[in-house]
2 protein chains.
Amino acid sequence: MMSIRVRPLLALGGASVVALATVASPAPGQAQEVVAEQRTQYQQIRAVEVAGDLEQPWGLAFLPDGSQLVTERPGRLLHIADGERTQVSGLPQVSSRNQGGLLDVVLHPDFEENGWVYLTYSKADEAGQETVPALVRARLDGHALVDLEHLFESNTYTSPGRHYGSRILFLEDGTLLMTIGDRGAQPERAQDPMDHSGSVVRLNADGTVPADNPFVGDDSVADEIWSWGHRNIQGIVLHPGTGEVWATEHGPRGGDELNLIRPGHNYGWPTVSLGRDYRTQEPWSDRREHGAEMTPPVWEFLPTLAPSGLAVVPADAFASTWDHNLLAGGLASQRIQRIVLEEGEVVHMEEILPFDLGRIRDVRTGPDNHIWVLTGENEGGLYRLEPVG
Amino acid sequence: MMSIRVRPLLALGGASVVALATVASPAPGQAQEVVAEQRTQYQQIRAVEVAGDLEQPWGLAFLPDGSQLVTERPGRLLHIADGERTQVSGLPQVSSRNQGGLLDVVLHPDFEENGWVYLTYSKADEAGQETVPALVRARLDGHALVDLEHLFESNTYTSPGRHYGSRILFLEDGTLLMTIGDRGAQPERAQDPMDHSGSVVRLNADGTVPADNPFVGDDSVADEIWSWGHRNIQGIVLHPGTGEVWATEHGPRGGDELNLIRPGHNYGWPTVSLGRDYRTQEPWSDRREHGAEMTPPVWEFLPTLAPSGLAVVPADAFASTWDHNLLAGGLASQRIQRIVLEEGEVVHMEEILPFDLGRIRDVRTGPDNHIWVLTGENEGGLYRLEPVG
């Protein structure tokens with residue numbers, strides 16, 4: 001299952017050191033293997049493989065007992081308990097071409113009472129040609145989804161199937177945010193606040209529009225819009241210390257951003273960007289300054305991160321210097337960036353497990369206060385990052 | 001000589017791919033092995049090992065015939081021709097404790113006429129306890145240095161032996177710059193312009209002070225000072241397109257900087273820094289804004305680069321998108337950062353050969369228009385980066 005790669009390394013220096021060992025007392029049915037260790041700046045960590053052979057895993061959530069729900073993009077929802085996986089039935093009809101498929105999974109904050117599981121996916125039109133990011137919820141009953149409810153879909157069907165966004169985040173008031181990518185073909189739609197493409201929308205848990213959304217009553221902006229001018233947000237998290245919403249956003253080459261998401265703000269894409277055209281390396285936009293009407297990113301990642309899942313380190317779980325740091329996964333960069341914030345500014349970063357786990361797709365905090373990571377494409381895996389010592 | 005490391009990698013993605021092959025027509029006496037290949041964003045490249053088994057190599061220069069001079073920090077100067085090495089005699093007395101030793105090597109721009117080789121090194125006081133960065137020149141006669149001349153030494157002997165700086169750069173007017181680190185023990189000396197520590201000094205090729213240095217005649221600043229407020233510059237290069245001097249500077253953790261060096265400017269260390277204390281992760285300084293009297297960096301590297309040698313890609317040697325990009329080596333980061341500048345701003349970066357060659361100590365442009373790299377500590381190597389296809 002693992003591809004083994006031999007590379008000449010003349011000096012190990014600060015790079016992560018790979019160890020292959022078996023954790024004491026592995027969970028039943030699963031040899032939990034330590035696949036990488038790293039002596040980071042303030043914390044020795046190790047990555048334990050919890051499950052392998054995942055096909056394009058995308059989203060990760062935890063049931064109250066600590067077992068996991070994992071989406072596979074081709075259209076499967078897996079329940080993983082002690083490394084043993086069971087497929088969950090009752091999904092909506094998923095269109096899994098290109099970047100589309102079954103995407104994020106999040107539990108309702110009161111899941112233990114109501115059993116609601118929220119899922120995003122790419123939904124095709126009747127001809128099966130054009131798609132939208134869509135949001136459903138259903139109750140989890142054993143290994144079946146029941147009472148499936150269609151809650152929301154973006155208001156513009158688009159081809160090809162790129163830039164879905166589709167992360168879900170519940171806020172403390174019980175509403176949820178869903179990120180919607182610009183869909184790729186016509187980036188300028190991210191500047192049209194009547195078009196959901198390239199935005200963050202805010203919904204009630206039943207899919208209705210909260211009355212206090214920033215543009216309710218404004219006929220020039222869709223009611224669901226919370227913020228817009230985004231290219232493709234694939235990491236979003238609530239900071240437990242500040243209540244702020246942080247998001248990582250795919251820019252064009254060199255334009256990946258860390259944004260602090262505020263209601264009613266326009267984040268500038270594609271009018272303003274540091275990014276460059278993938279083919280020509282020409283700047284995407286002549287404009288690099290956001291001006292008064294657009295909100296600049298807090299950070300632009302150079303080199304490229306190709307950001308995916310975003311988590312916050314819980315307090316008292318790792319070295320205290322890690323408390324409430326952001327952990328931003330990267331696809332092309334194949335690492336997790338540890339980001340230290342102070343007063344809304346990025347003041348430090350460190351690379352976690354560069355190249356050790358492959359492409360990082362999702363990063364979440366588990367109920368065990370460890371950091372959980374989904375990786376890879378066709379041979380994906382689920383890993384748990386633990387402090388050592 | 002090579003340590004082989006097996007690491008599990010579940011998806012190769014954009015990471016560099018290692019190939020082990022032999023280049024056609026290797027130079028006599030040397031099997032030149034391709035030790036790494038990378039498909040970068042605009043250019044396929046490979047790294048060819050020219051020489052291995054170097055002991056703490058530090059500086060690299062090219063003779064007119066394309067053969068190389070390499071300093072080894074313990075106090076050896078090697079001439080390497082077609083991979084065959086010969087030790088050069090006639091060095092000054094080098095103190096090689098801690099970060100000290102034989103450091104940079106640069107040829108006079110008119111070397112073919114005058115034979116002058118410039119070397120920096122750590123020079124001990126008579127008791128052998130405290131040291132300064134010092135500059136000498138000597139003529140190269142076969143494999144001997146002759147006519148050794150002591151040109152300059154920093155005006156403050158210091159213990160312990162850290163933060164020497166010691167890069168040499170000839171400017172187009174025939175003067176040279178030498179970087180001097182803050183020496184570690186009392187960083188605030190970098191703010192004292194009477195103290196050479198933590199500065200860039202400018203000298204004539206014979207070691208005298210140019211009459212047009214910015215502070216000649218000012219009794220409050222040492223005559224040699226070109227710029228100050230530096231922690232430890234270990235990469236410096238003249239940009240052939242703009243005539244600008246660019247330098248990479250070691251900050252404390254998280255404070256590594258790319259600076260555009262201008263005469264008479266104060267770059268702020270240690271009064272202003274984004275960096276953090278290595279042990280506590282506390283900010284080094286409360287002050288993050290440079291204000292009017294200090295010059296901010298053009299870029300702060302996050303995550304840390306631990307910068308070493310700095311080169312500019314020559315025009316028409318690699319893909320045109322690489323023309324005049326900076327290539328900044330990194331020690332702890334074990335990579336070379338390709339940096340795209342536009343109008344004095346950093347607009348793009350890419351990682352070159354991350355972890356493939358180990359700790360990068362020096363990066364230079366060779367007379368063959370390829371990029372040459374010195375790596376490693378006790379088992380260092382000399383590599384040539386070439387375009388493929």
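Visitor: How many aromatic pairs are there over all chains?
Guide: This is a predicted model, in which local features need pLDDT of at least 70 and side-chain atom pairs count only at pLDDT 80 or more, while totals for chains, interfaces and linings use all residues. Residues are numbered from 1 along each chain as its sequence is written, chains are lettered from A and ligands numbered from 1 in the order in which they are written, and side-chain values use heavy atoms, with hydrogens and water left out. The count comes to 9 aromatic pairs over all chains, where rings of Phe, Tyr and Trp (its six-membered ring) pair if their centres lie within 6.5 Å, and planes under 30 degrees apart count as stacked, over 60 as edge-to-face and the rest as tilted.

Visitor: OK, and what sort of aromatic pair do A:Y118 and A:F170 form?
Guide: A:Y118 and A:F170 form an edge-to-face pair, with 5.0 Å from centre to centre and 80° between the planes. A:Y118 lies in strand β10 (residues 116–124) of chain A and A:F170 in strand β13 of chain A, so the pair ties together parts that are 52 residues apart in sequence; strands here are DSSP runs of E with at least two residues, and helices are runs of H or I with at least four, numbered from the N terminus.

Visitor: Is A:Y118 buried or exposed?
Guide: A:Y118 counts as buried at 0% relative accessibility, and A:F170 counts as buried at 10%, where buried means under 20% relative accessible area, exposed over 50% and partly exposed in between (1.4 Å probe, protein chains only).

Visitor: Then why is the pair of B:F215 and B:W228 edge-to-face?
Guide: The centres of these two rings are 5.6 Å apart and their planes stand at 75°, so B:F215 and B:W228 make an edge-to-face pair. B:F215 lies in the loop between β15 (199–203) and β16 (225–228) of chain B, whereas B:W228 lies in strand β16 of chain B, so the pair ties together parts that are 13 residues apart in sequence. Both B:F215 and B:W228 are buried.

Visitor: New topic, how many salt bridges does the structure hold over all chains?
Guide: The structure holds 36 salt bridges over all chains, a salt bridge being a side-chain nitrogen of Lys or Arg within 4 Å of a carboxyl oxygen of Asp or Glu. One of them joins the side chains of A:D362 and A:R167 at 3.3 Å, N to O. A:D362 and A:R167 are both buried.

Visitor: And which residues are linked with A:R167 in a network of salt bridges?
Guide: The network links A:R167 with A:D104, A:D362 and A:R364.

Visitor: What about chain B, with which residue does B:R167 form a salt bridge?
Guide: B:R167 forms a salt bridge with B:D362, and the closest N and O atoms are 3.3 Å apart. B:R167 lies in strand β13 (residues 165–170) of chain B and B:D362 in strand β26 (residues 360–365) of chain B, so the parts tied together are 195 residues apart in sequence. B:R167 is buried with a relative accessible area of 3%, and B:D362 counts as buried at 1% relative accessibility.

Visitor: Where does the charged end of B:R335 sit?
Guide: The charged end of B:R335 sits over the ring of B:F355, 5.1 Å from its centre, the criterion being NZ of Lys or CZ of Arg within 6 Å of the ring centre and within 35 degrees of the ring normal. B:R137 lies over the face of B:W116, at 3.9 Å from the ring centre.
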